[in-house]
Every structure is written in C-alpha cells, then in structure tokens.
Amino acid sequence: MNTSMGDVSEKNEGAIEQPRYVIEPARSGASKCKTCRHKIAKEALRLGILVDGFYGPGYMWHHIECAAQRMFEQVEEAYEMEAWKVAKSPPEGVPSLEELRTVKAKAEDRRRQKRTLPYAEVAPSGRSRCKKCGEPIEKGSVRVALAKEVRFGGQARVGPMNVHPRCVPAALEEEEVVTELESLRDELLSNSRDIDTARIEQAVSAIDRAQSSS
Ligand SMILES: [Zn+2]
Ligand SMILES: [Zn+2]
C-alpha cells in the first residue's frame, strides 16, 4: 500500500501527460461515483475520466458498472487503452467488456420498463405490429406507446400499447387506454427519449389529421 505519500494523487497526479482514463481499485473510500452519487468503497473497481477542473485536470470517478450503464462508449475507449495498466496499483483483474455490455443491456431493459407513458419512439426494427390496426410498424418510423391498463388476476398494471400515430385516436377510444388526448402532445414531448422534437411534432400532426378525419 502506498500510503506514505498521502493521497494527494487521488485527485491530481501532477500536471504532465495524465492518461485520459484509468481503471483501478479505489485507493481509499473517499471518492464518490459521479453516476450514482454513492461513495466508492475502498478496493472497488472504478473508472477515472480525466476532466479539466477549476484546479487543473483531475479524475472524475465512477463505479465501473455504473459507467458501463451510462457511458459505455467511454468504457470501451478505456478498455482499448487498457486503462488498468496506468493505475498506480493495477487491479488483479477487470470484468470483460462482454460482461459490462450485459450490465448495460440489463440497465437499458430496466429503464425501458420504467419509462413514463405515453411516449413516442423510432421503431428499432420492422418486427412490431400496431396494437390497433394489426399492421406492421415500419422500421425507422415513429410509433406511439400509449398507457394501457392490463389486468392479471385481480391486479391492474399499466403497460405500453404501441400504435401508429394515425391509429392513436381509435386506440384512445378503447376503455383500457388511460392516455388522454388533451395532454398527449405535452406528454409525448416530455417523455420521449432519443427522438427529434421535429419527429414528435410530425407524429402529433398525423394524430391530429386522423382525429379530424374520423
Ligand atoms: Zn456508482
Ligand atoms: Zn395502426
């Protein structure tokens, strides 16, 4: 353990040529994960990302799993650089990139399940079908996920009902659909992720056209 020099190096390794990334077991329990905001336990594997701070360059630390969930591209870069080799005390082992990719995918699944309905999104494949008209939803086109009450035995739960924008007015007439037309546009704008506002507005126009022609 290199405690004799104090832990000055924790934040700043000196101004010259600091590597952009470092992966190491935390040298103390003092650093905080910038992703989850919890303390990083001593010896827990952490990823440091060099940033220009007020007092010069320093590392922002993240639990390696937290980084995998929120900034996988940077984790990949750090792995390409073998960022554990520049650590003061290199870790005995690091999880494989594949393991971290699984951590990322699981986190994405959880986020998707927790997403606030209704929202608009770009169909990632051509495999989904509109739950109103039954026709496929073309890959790359915008689909709208409405909030629909689903019953399991005695329990009611709200889940997504994916439909074409043009099928939204008809879907809203179903009793189980709890999304309201009045607030739909605002909700789509605030709940949708990874989609341009312009495309949401286009979907809203398509909903309006379908509404006025019905
Ligand atoms: Zn964390
Ligand atoms: Zn449809």
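1. Three strands make it up, in the order 4-5-6, and the pairing is antiparallel. Strand 4 (119–122) and strand 6 (155–163) are the edges. Each has a single partner strand, so one side of each is left without a neighbour in the sheet. Direction ignored, neighbouring strands here are turned by 40° against each other on average. Bear in mind that this is a predicted model.

2. Take the pairing of strand 4 next. Its partner is strand 5 (residues 142–152), and four bridges join the two in the antiparallel sense. One residue pair to look up is glutamate 121 with arginine 143: the arginine, in strand 5, is the bridge partner of the glutamate.

3. A helix lies against this sheet. Helix 6 (residues 197–212) packs on it and touches strand 4 and strand 5. The direction of helix 6 makes about 70° with that of strand 5.

4. On to strand 5 and strand 6. They run antiparallel and are joined by nine bridges. Alanine 147 has proline 160, in strand 6, as its bridge partner. The two strands form a hairpin, with two residues between them. Look at glycine 153 in that turn: its phi is positive, at about 60°.

5. Now the whole chain. How many helices and strands does the chain have? There are six helices and six strands. From the N terminus on, the elements run β-β-β-α-α-α-β-β-β-α-α-α. The radius of gyration is 24 Å, whereas the globule rule gives 17 Å for 214 residues. The chain is well over that value, so it is more spread out than a compact globule. Along the principal axes, the C-alpha atoms fill a box of roughly 75 × 40 × 30 Å.

6. The chain is divided into two parts: domain 1 (8–112) and domain 2 (115–212). How many Å apart do the C-alpha centres of domain 1 and domain 2 lie? The distance is 38 Å.

7. Burial and contacts deserve a line each. Of the 214 residues, 28% count as buried. Among contacts with a separation of 6 or more, 57% come from residues 24 or more positions apart.

8. Helix 3 (residues 97–114) is a simple check on helix length. At 1.5 Å a residue, its 18 residues should span 26 Å. The end C-alpha atoms are 26 Å apart, which agrees. Helix 3 is hardly covered: among its 18 residues, the count of buried residues is one.

9. Finally, glutamine 69. Which helix holds glutamine 69? The residue lies in helix 1 (residues 64–70). Is glutamine 69 buried or exposed? Glutamine 69 has 21 other C-beta atoms within 10 Å. The cut-off for a buried residue is 20 or more, so glutamine 69 counts as buried. Leaving out residues up to four places away in sequence, glutamine 69 touches Val103, Lys104 and Ala107. Aspartate 52 is another matter. Glutamine 69 and aspartate 52 are 17 residues apart along the chain, and their C-alpha atoms are separated by 23 Å.

Methods
Residues are numbered from 1 along each chain as its sequence is written. Chains are lettered from A and ligands numbered from 1 in the order in which they are written. This is a predicted model: local features need pLDDT of at least 70, side-chain atom pairs count only at pLDDT 80 or more; totals for chains, interfaces and linings use all residues. Two strands pair if DSSP finds at least two bridges between them. Axes are lines fitted to C-alpha atoms, for helices over the stretch in contact, and angles run from 0 to 180 degrees between N-to-C directions. Two residues are in contact if their C-beta atoms, placed from the backbone, lie within 7 Å. Domain bounds come from an automatic or database domain assignment. The radius of gyration is taken over C-alpha atoms; the globule rule is 2.2 Å times the number of residues to the power 0.38. A residue is buried if 20 or more other C-beta atoms lie within 10 Å of its own, exposed if 12 or fewer, and partly exposed in between; C-beta atoms are placed from the backbone. The expected span of a helix is 1.5 Å times one less than its number of residues.
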